[in-house]
Amino acid sequence: MEAYAGETDPASHSYRGRTGRNGVMFGPPGYAYVYFTYGMHFCVNVVCMPEGIPRAVLLRAGRVTLGEDLARHRRARWRTEADPPSVLPARDLARGPARLCQALAINRTQNGLDMCSGASELRLRLADPGLRQDGGIEVAVGPRVGVSAAADVPWRYWIAGDPTVSPYRPHKNRVR
């Protein structure tokens with residue numbers, strides 16, 4: 001996951017204030033902020049501060065533990081015939097924020113859903129006890145991925161050695 005600190009963070013969507021797109025970030029914690037990026041992918045964040053304080057964490061990757069066939073089917077439209085979904089390693093099903101949204105069928109319709117409500121179609125659940133920090137799991141820290149502003153800020157967190165974590169790639173400026 002990656003943290004974004006609102007109006008004090010030039011990499012945050014809420015850096016310049018509230019808009020129709022980022023309004024969910026200003027709401028209560030536990031809500032999904034889903035946005036469309038690069039004209040082709042969705043990404044999901046979880047709002048994490050009290051109402052009026054626009055802070056969120058981007059969910060960068062996940063491990064598919066149930067419904068692998070369904071996740072493969074959802075990801076299939078993004079694959080080519082030369083690279084069919086049946087050969088896609090399980091670790092890659094939700095490796096990266098766009099792949100995570102593809103595998104879980106997350107799109108703009110889930111923007112603003114309460115991820116802490118049992119009635120929500122998009123929910124956060126308690127972690128497997130084996131994955132908790134007190135269980136000997138090392139949490140690694142590094143710079144955020146794919147941002148040009150504040151790219152060196154070490155607000156990316158992941159479980160060290162987890163194969164489902166998308167690799168770090170430094171931002172590259174576009175040549176015009």
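1. Two aromatic pairs are counted in this predicted model, where rings of Phe, Tyr and Trp (its six-membered ring) pair if their centres lie within 6.5 Å, and planes under 30 degrees apart count as stacked, over 60 as edge-to-face and the rest as tilted. Phe36 and Phe42 form a tilted pair, because their ring planes stand at 50°, with the centres 4.8 Å apart. Phe36 is partly exposed at a relative accessible area of 40%, and Phe42 is likewise partly exposed, at 23%. Here buried means under 20% relative accessible area, exposed over 50%, and partly exposed in between (1.4 Å probe, protein chains only).

2. Conventions of the model are as follows. Residues are numbered from 1 along each chain as its sequence is written, and side-chain values use heavy atoms, with hydrogens and water left out. This is a predicted model in which local features need pLDDT of at least 70 and side-chain atom pairs count only at pLDDT 80 or more, while totals for chains, interfaces and linings use all residues.

3. The protein chain holds two helices and six strands, in the sequence order β-β-β-β-α-α-β-β. These elements are DSSP runs numbered from the N terminus (helices H or I, at least four residues; strands E, at least two). Of the 176 residues in the protein chain, 38% are buried. Its accessible surface is about 10,500 Å², with 55% belonging to carbon and sulfur atoms; the areas come from the Shrake-Rupley method with a 1.4 Å probe, and for residues only the protein chains shown count as cover.

4. Strands β2 and β3 run antiparallel and are joined by six bridges, two strands being paired if DSSP finds at least two bridges between them. Strand β2 is largely enclosed by the rest of the structure, because five of its six residues are buried. Thr37 stands opposite His41 in β3. The hairpin of β2 and β3 has three residues between the strands, and Tyr38 there takes a positive phi near 55°.

5. The largest nonpolar core has 16 residues, and Ala32, Val44, Ile106 and Leu122 have the most contacts inside it. Such a core is a set of buried Ala, Val, Leu, Ile, Met, Phe, Trp, Tyr and Cys residues joined through side-chain atoms within 4.5 Å. At least two residues of this core come from each of β2 (32-37), β3 (41-47) and α2 (97-104), and α2 supplies the largest share, three residues. A second, separate core of twelve residues includes Tyr4, Met25, Val47 and Ala56.

6. Leu122 touches Ala32, Val44, Ile106, Gln110, Leu113, Asp114 and Met115, residues up to four places away in sequence not being counted. Contact means heavy atoms within 4.5 Å. Among contacts in the protein chain between residues at least 6 apart in sequence, 49% join residues at least 24 apart.

7. Strands β5 and β6 run antiparallel, with four bridges joining them. The covered face of β5 (residues 139-142) carries Ala140 and Gly142, whereas Val139 and Val141 lie on the uncovered one. Ala140 has Trp158 as its bridge partner in β6. Arg156 lies over the face of Trp158, at 4.9 Å from the ring centre; the criterion is NZ of Lys or CZ of Arg within 6 Å of the ring centre and within 35 degrees of the ring normal.

8. Pro163 lies in the segment after β6 (156-159) and is partly exposed, with a relative accessible area of 41%. Beyond its neighbours within four places in sequence, Pro163 is in contact with Arg63, Arg91 and Arg95. The C-alpha atoms of Pro163 and Gly62 are separated by 9.9 Å, with the two residues 101 residues apart along the chain.
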